[in-house]
Amino acid sequence: MSTSPNAQSGIGQPDRILIFDTTLRDGEQSPGATLNVDEKLTIARQLARLGVDVIEAGFPFASPGDFEAVSKIAAEVGSEDGPIICGLARATQQDIKAAADALKPAAKPRIHTFIAASDIHLEYKLKKTRAEVLEIVPEMVSYAKSFVNDVEFSPEDAGRSDPEFLYEMLERAIAAGATTVNIPDTVGYLTPSEFGALIKGIKENVPNIDQAIISVHGHNDLGMAVANFLEAVKNGARQLECTINGIGERAGNAALEELVMALYVRRQYFNPFLGRPAESEAPLTHIDTRQLYKTSRLVSNLTGMLVQPNKAIVGANAFAHESGIHQDGVLKHKRTYEIMDAQSIGLTDNQIVLGKHSGRNAFRTRLRELGYELSEQELNRAFLRFKDVADKKKEITDWDLEAIANDETQQVPELFKLEHVQVSCGDHSRPTATVTVRTPAGEELTDAAIGTGPVDAVYKAINRVVSIPNQLIEFSVQSVTAGIDAMGEVTIRLKYGDRIFSGHGANTDIIVASAQAYLNALNRLSASLQKGEALHPQHSDVQPVS
Ligand SMILES: [Zn+2]
């Protein structure tokens with residue numbers, strides 16, 4: 001594989017679309033999608049397996065936690081044959097220096113620097129004139145270039161900027177060494193034809209544009225982000241900035257899985273725009289589409305941001321045929337109502353794979369096949385969980401295994417541990433719960449409470465033991481597989497001050513899963529309190545909206 005970012009990204013021969021994933025930067029800016037460093041690393045490893053070209057790992061100057069995450073991802077995922085690892089920086093020396101320092105361990109580091117371009121941002125946010133900004137751009141791109149070869153520049157809010165000013169900014173950025181210029185529709189305002197025209201204008205009016213890759217970034221406020229990007233591709237954009245499940249600020253970013261599958265299923269439509277023969281079957285991206293479903297599940301589990309059932313590509317119903325006419329058609333010939341195979345996104349037939357008598361080796365082997373590399377300690381815990389589930393549920397499927405493995409790889413320090421939970425409820429009794437929790441000091445504390453329902457009673461009993469004031473803001477249960485003996489997965493989000501923490505639990509008993517999910521979130525919260533993050537978020541005023 002080629003090592004220079006330019007050769008790899010194909011400047012001068014742009015016949016492939018680069019996928020720039022910003023799940024860990026823009027996606028993590030979704031309200032409540034806070035991830036710890038280990039969780040970010042887990043997602044970054046999966047993004048590398050998925051085959052993304054660039055991982056935007058974070059905004060190193062924003063906080064020590066962000067810096068550490070970018071630096072660890074650079075060290076562990078940013079190898080020579082891995083993806084480019086990118087760090088975000090405002091166009092200031094301190095931001096760029098922090099990004100350069102965090103990216104040091106990466107074999108292929110990229111600094112992504114941005115500055116506002118629209119008059120409304122210049123006047124009210126940046127408080128700078130156009131002339132001042134035109135001076136800053138080349139100065140800061142050159143400064144970034146003094147650390148790394150691969151520099152990306154974004155004029156923030158490009159979608160609402162004066163095109164003539166934009167052309168000049170881009171020309172100066174490229175002259176100073178930017179190898180990618182990214183055009184953000186920061187507020188999700190443009191329509192597809194407008195966005196296409198913007199890219200076309202840039203291609204025609206920026207004299208040195210052939211020395212850089214044109215990238216696009218956009219938000220889904222009007223539900224047009226993916227359509228905008230596809231129109232941009234037709235007009236010369238060759239890098240797409242997107243997130244798994246489309247998570248991100250407000251209505252989110254363009255969804256990676258939708259872009260990739262649109263470019264895959266309709267490759268013959270897009271081929272001519274990339275100068276390929278229309279009938280070419282070669283994929284337009286380097287994404288291993290069979291990893292899409294698993295990546296979606298992992299991001300959903302770790303962020304606590306659930307995927308709506310009717311979501312394109314990765315929603316639970318995306319490949320389900322309910323109407324009799326459709327089912328009949330699909331049975332006679334798949335293509336009557338299906339434009340793509342469930343297998344193409346890695347949605348396997350959910351076969352029964354293991355049972356009560358399966359051994360540790362079979363368990364480990366199947367997890368490996370599913371892409372989970374567990375440490376010895378995680379494997380031990382997961383195997384105990386598996387035996388426990390197999391006792392209650394005869395047939396264990398891939399999805400059950402994934403639920404168990406996801407649970408065990410969450411890597412939150414288990415400060416509080418659920419030892420025991422018991423509820424009594426019914427239509428003529430007050431729901432009552434008794435819980436026993438082991439505290440960080442190793443003490444076993446038992447308490448009981450009554451509530452409006454069994455889960456409420458369990459949470460009140462846990463609160464009595466843990467005593468960290470918090471507000472439960474979201475609670476949801478989903479079944480992993482069909483059937484009355486299915487495992488239930490509980491996802492919750494709770495609020496402490498301004499911060500939101502998510503928790504996840506899976507069990508055949510949804511009351512136990514609920515208790516585990518709650519303690520999982522409380523463990524995240526207390527780990528964050530220990531580090532002092534929750535109380536003193538640093539540089540919290542510098543969240544970018546690029
Ligand atoms: Zn954004």
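Q: Which residues do ring pairs link into a cluster?
A: Those are Y269, F270 and F273, joined into a cluster by ring pairs. Keep in mind that this is a predicted model.

Q: OK, and how many aromatic pairs does a search of the whole structure find?
A: The search turns up nine aromatic pairs. One of them is F363 with F383: the ring centres are 5.5 Å apart and the planes sit at 55 degrees, so this pair is tilted.

Q: Where do F363 and F383 lie?
A: F363 is in helix α14, while F383 is in helix α15, which covers residues 376-392. The pair therefore ties together parts that are 20 residues apart in sequence.

Q: Are F363 and F383 buried or exposed?
A: Both F363 and F383 are buried.

Q: Let's stay with α14 for a bit. Which of its residues are buried?
A: Helix α14 runs over residues 360-369, and its buried residues are F363, R366 and L367. If you look down the axis of α14, those buried residues fall within an arc of 100 degrees, so they line one face of the helix.

Q: Why would residues three or four places apart point the same way?
A: An α-helix has 3.6 residues a turn, so residues spaced by three or four places point the same way.

Q: And what does the face of α14 turned away from the buried side carry?
A: That face has the exposed residues N361 and E369.

Q: What follows α14?
A: G371 follows α14, and the phi of G371 is positive, near 95 degrees.

Q: Switching to strands. How many residues of β4 are buried?
A: Strand β4 spans residues 109-116, and eight of its eight residues are buried. Both faces are covered. On one side you'll find P109, I111, T113 and I115, and on the other R110, H112, F114 and A116.

Q: In what sense does β3 pair with β4?
A: Strand β3, residues 84-90, pairs with β4 in the parallel sense, over six bridges. For instance, G87 has I111 as its bridge partner in β4.

Q: What do β3, α4 and β4 make?
A: Together with helix α4 (residues 93-103), strands β3 and β4 make a right-handed β-α-β unit.

Q: And over how many bridges do β4 and β5 pair?
A: β4 and strand β5, which is residues 150-156, pair over seven bridges, in the parallel sense. Within that pairing, A116 stands opposite E156 of β5.

Q: Back to P109. What is it in contact with?
A: Setting aside neighbours within four places in sequence, P109 is in contact with I85, L103, V148 and D150. P109 and D150 are 41 residues apart along the chain, yet their C-alpha atoms are separated by 6.8 Å.

Q: New topic: where is T23?
A: T23 is in the loop between β1 (18-21) and α2 (37-50).

Q: Is T23 buried or exposed?
A: T23 is buried, with a relative accessible area of 1%. Buried means under 20%, so T23 makes that cut-off.

Q: Which residues is T23 in contact with?
A: Leaving out neighbours within four places in sequence, T23 is in contact with E28, C242, T243, I244, I247 and V299.

Q: Last one, about charges. Where does the charged end of R130 sit?
A: The charged end of R130 sits over the ring of F165, 4.9 Å from the ring's centre. Likewise, R267 has its charged end over the ring of Y264, 4.4 Å from the centre of that ring.

How values were computed: Residues numbered from 1 in each chain as written. Predicted model: local features only at pLDDT ≥ 70, side-chain atom pairs only at ≥ 80, totals over all residues. Heavy atoms only, no water. Buried < 20%, exposed > 50% of the residue type's maximum accessible area, 1.4 Å probe, protein only. Helix = DSSP H or I, 4+ residues; strand = E, 2+ residues; numbered from the N terminus. Arc of directions from axis to C-beta. Pairing = 2+ DSSP bridges. Right-handed = clockwise from strand over helix to strand, strands pointing away. Contact = heavy atoms within 4.5 Å. Phe/Tyr/Trp six-rings, centres within 6.5 Å; stacked < 30°, edge-to-face > 60°. Lys NZ or Arg CZ within 6 Å of the ring centre and 35° of its normal.
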